[in-house]
Amino acid sequence: MRKVEQQAIAAKAAARELALTPAVQRTAVLKRAAILIRQHVDGILQANQLDLQLAQQKGLDLTRQGILALKSADDVEAMAFSLERMANHDDAVNRVCQSYHEPSGLRREQRLVPLGVVTMVYEARPSVVCDSAGICLRTANALLLCCSPYSVNTDTVIVDLIRRALVEKGLSADCIQLVTQEGFEATYWLSQAEKYVSLLILRGGYAASAAIRRQATVPVLVAGPGNCHIFIDASAPYQMTLDIVRNSKVPRPLACNAAETLLVHAAWAEEFLSDLLAQLEAEGMALRGCSRALKYAESMQPAVESDWEVEFFAPVLAVKIVDDLDAAIDHINTYRTPHTECIITADQQNAERFLLEVEANVACLNASTRLTDGIQFGYGGEMGISTQFLPCGGPIGPQHLLRRKFFLYGSGHLRQ
């Protein structure tokens, strides 16, 4: 039997135990795990340095090395804090959603219950381990973590500490497991292991997502690339526009909720666009524009078709001039992932049309795209941001790892 199957069987058994565990016990695990993470900062950072050295030898690009890197003890503290935050988050396991007494005396109830085993497939980003473990323990789901080969040493140290916390608080270590062998073959196997796996969450690029979704037989949630747009309407106030555009891209240009394309109304562009682009260039943004946009920034490069299609994963913005709201909506609905779409406007009618008509999981009016986040939404954290419409879209939080189960309480009741 292959190792990943052994892990899946163990996870299924652990999930049954975990589903019956009181919230107070799971809270204790989360708090103890946070303490252990803090106590082993040096070991985590040393493992991360080893991963970075190996990644450099294997030729991992600098951008992804930056995502893999834990730059200081503050990064480890953030992971510990994410576990504590989830420890203090509302626990909805076994919460009654509906309760109804039939005239016949039959009682019907619906409660929230755990899914079972969740598989997380993710990039070389160590923080995902604590984010995912926190949400799964809060929702009483077992977790299989399929990590990147570039982060094995870091992730192993973190997972071992969480497993230690589980055992210390009387639970099976198999509630959280790291799948490190067999590479994508293990992921493909898990994507068809509906006997064991209840949900597969996939954080990754276009190619990996498509390959796994084509053959998966278990439910899949893809937290894929975010091709997010901002439409600057003719009535958009300049200072608010500058603030929103900067906040949506400059602080974290590689984030999936960062803006990738500015769609600018032609009338607004004539008055304000040169100043806006100069500000962005001064902060390190590279610009790619349509033929009409090129005149507003001398250093702007001509855009090609692929510039409208992708998440740049870099400090790059595409710029396109449009004549009206319809053109902006058509562009977005042609190239959306979907993720987050924003309109900046003082025109309420245009705002309402945009919010209703764009094909987005999150539609923003006069607000930064970076607000699409599990913590910002009050979820306590997230396991990624879903770029699907179904079964859910947007930040994947604890409520998405619980299902509704019906309970019927009778005394010999029969269907008449």
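Author: Phe354 has a relative accessibility of 0% and therefore counts as buried, since the limit for that class is under 20%. The model is a predicted one, and the values below are computed from it.

The ring pairs come next. Across the model, the count of aromatic pairs comes to 7. One of them joins Phe231 and Phe354 in a stacked arrangement, with 6.5 Å from centre to centre and 20° between the planes. This pair links distant parts of the chain, because Phe231 belongs to strand E8 (residues 228-232) and Phe354 to helix H14 (residues 348-357), and the two are 123 residues apart. Phe231 is likewise buried, its relative accessible area being 0%.

A further pair is formed by Tyr238 and Trp268. Their ring centres lie 6.2 Å apart and their planes meet at 20°, so this pair is stacked, planes under 30 degrees apart being the criterion. Tyr238 is part of helix H10 (residues 238-249) and Trp268 part of helix H11 (residues 266-282), so the pair ties together parts that are 30 residues apart in sequence. Trp268 counts as buried, at 1% relative accessibility. Ring pairs also bring in Phe272, giving a cluster of Tyr238, Trp268 and Phe272.

Contacts between helices form another topic. Helix H2 (residues 23-39) packs against helix H5 (residues 73-87) at an angle of about 170°, and their axes are 8 Å apart. Angles over 145 degrees count as roughly antiparallel, which is why H2 is described in that way relative to H5. On the H2 side the contact is made by Thr27, Leu30, Lys31, Ala33, Ala34, Ile37 and Arg38. H5 contributes residues including Val76, Ala80, Phe81, Leu83 and Met86, and also Glu77 and Glu84. Sorted by class, the contact holds 10 nonpolar, 1 polar and 4 charged residues.

The strands complete the account. Strand E2 (residues 107-114) is mostly covered, with 6 of its 8 residues buried. Strand E1 (residues 96-101) runs antiparallel to E2, and 5 bridges join them. Within this pairing, Tyr100 stands opposite Arg108 of E2. The hairpin of E1 and E2 has 5 residues between the strands, and Gly105 there takes a positive phi near 100°. E2 also pairs with strand E17 (residues 402-409), in the antiparallel sense and over 8 bridges. In E17, Arg403 is the bridge partner of Val113.

Terms used: Residues numbered from 1 in each chain as written. Predicted model: local features only at pLDDT ≥ 70, side-chain atom pairs only at ≥ 80, totals over all residues. Heavy atoms only, no water. Axes fitted to C-alpha atoms, helices over the stretch in contact; angles between N-to-C directions. Helix = DSSP H or I, 4+ residues; strand = E, 2+ residues; numbered from the N terminus. Parallel < 35°, antiparallel > 145°, perpendicular 65-115°, else oblique. Contact = heavy atoms within 4.5 Å. Nonpolar A, V, L, I, M, F, W, Y, C, P; charged D, E, K, R; others polar. Buried < 20%, exposed > 50% of the residue type's maximum accessible area, 1.4 Å probe, protein only. Pairing = 2+ DSSP bridges. Phe/Tyr/Trp six-rings, centres within 6.5 Å; stacked < 30°, edge-to-face > 60°.
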